[in-house]
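These are my notebook entries on one protein model.

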Amino acid sequence: MSHSPKALLDSYDILPKKSLGQNFMHDPKALEKIVAAAEPQSSDTIVEIGAGTGALTELLASAANQIFSIEVDQRLRPLLEERFDDTANVYLVFKDILKTDAAALVGAEDYIVVANAPYYISSAILWHFLESRKPPRRMVMTMQYEVAERVVGVPGAMNLLSIAARFYGMPRIVSKFGPAVFWPRPNIDSAILRIDTHEARPAQVPSSELFFRVVKAGFSMKRKQLKNALSAGLRIKASATRDLLRAADIDPQRRAETLSLAEWARLTQTVAEATPCSDERLTPP
């Protein structure tokens, strides 16, 4: 039987669903680049997100110890079960990844995530794993190239997702490829994004909850100066916001996208010191 996605899906009378963002990668070289980016060892456990027709699953299974391949589309169950019936180290899981505790599922102290999932949930998948109780050692994701560029943003072009990626790990774009590697073809370029999570976080903050509260407040009003965005987002007086920013050695007139991870951490520490007992002690406007 042909392993081309169209032939496989036709044989099971399955059509790609636009509502699920289904574009199936078929180019062997592109698939091999994803595996190479993941750098799986023979002892590794891999959580694959978006099994699709199993093309990537098959390559991962030959390189790692065990693969937990998660697929939300129940229509693909017969195809995948038949394809991997004799593959002992592949465990098929038909669930929504955003409702799944991957660490509990695999029962491994250390695991790698490889995602070739619909692009419309790329950001949600990143947040789901980076903020999980046991983040993966490494994440390798195929995503829209423009989104990958935002994730690896640098000061001057930062955003909430790029701050989160750098807080939890080190993001980089490994490869770029065009629409032809998929069927059906999308109208965008794609990238392989790799994030190696930190063993020890580079930003020392009182708590991740407070850190992201401050960062989200900073980005809450696009194109606004920090003093205005933070005042609205943290619900504190403008004068108090200016004092906090100056105490953190940050110009109140700067914008959120210009701050580095270290500056956000310094600002979070300043906020914590100003409210030593509880966030509730922040003075309302």
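Entry 1, strand β2. I looked up which way the side chains leave β2: T45, V47 and I49 point one way, I46 and E48 point the other way, and all are buried. Buried here means under 20% relative accessible area, exposed means over 50%, and partly exposed lies in between, with a 1.4 Å probe and protein chains only. Since 5 of the 5 residues of β2 are buried, β2 is largely enclosed by the rest of the structure.

I noted the basis of these values. The model is predicted, so local features need pLDDT of at least 70 and side-chain atom pairs count only at pLDDT 80 or more, while totals for chains, interfaces and linings use all residues. Residues are numbered from 1 along each chain as its sequence is written, and side-chain values use heavy atoms, with hydrogens and water left out. Helices (H or I, at least four residues) and strands (E, at least two) are DSSP runs, numbered from the N terminus.

Entry 2, the sheet. I recorded an open sheet of 7 strands in the order β4-β3-β2-β5-β6-β9-β7, with mixed pairing. Its edge strands are β4 (90–93) and β7 (169–177), each of which pairs on one side only. The twist averages 20 degrees from one strand to the next. Two strands pair if DSSP finds at least two bridges between them. In general, strands of a sheet pair through backbone hydrogen bonds, either parallel or antiparallel.

I then examined two pairs. β2 pairs with β3 (residues 66–70) in the parallel sense over 5 bridges, and Q66 in β3 is the bridge partner of T45. β5 (residues 112–115) and β6 (residues 138–144) also run parallel, joined by 4 bridges; M139 in β6 is the partner of V113.

I found α6 (residues 122–130) lying across β2, β5, β6 and β9 (190–197), at about 170 degrees to β6. α8 (residues 160–168) lies across β7 and β9, at about 120 degrees to β7. Axes are lines fitted to C-alpha atoms, for helices over the stretch in contact, and angles run from 0 to 180 degrees between N-to-C directions.

In α10 (residues 226–234), I listed L226, K227, A229, L230, S231 and L234 as buried. These buried residues pack against α9 (208–218), α11 (238–247) and α12 (261–274). Contact means heavy atoms within 4.5 Å. R235 follows α10 and has a positive phi, near 60 degrees.

How do α10 and α11 cross? Their axes come within 9 Å and cross at roughly 120 degrees. The two helices are therefore oblique to each other, as angles under 35 degrees count as roughly parallel, over 145 as roughly antiparallel, 65 to 115 as roughly perpendicular and the rest as oblique. I noted that L226, K227, L230 and S231 in α10 meet A238, T241, R242 and L245 in α11.

Is T268 buried or exposed? T268, in helix α12, is buried, with a relative accessible area of 0%. Leaving aside neighbours within four places in sequence, T268 is in contact with V205, P206, L210, F211 and V214. S208, in helix α9, counts as buried at 19% relative accessibility. Not counting residues up to four places away in sequence, S208 touches F167, Y168 and R201.
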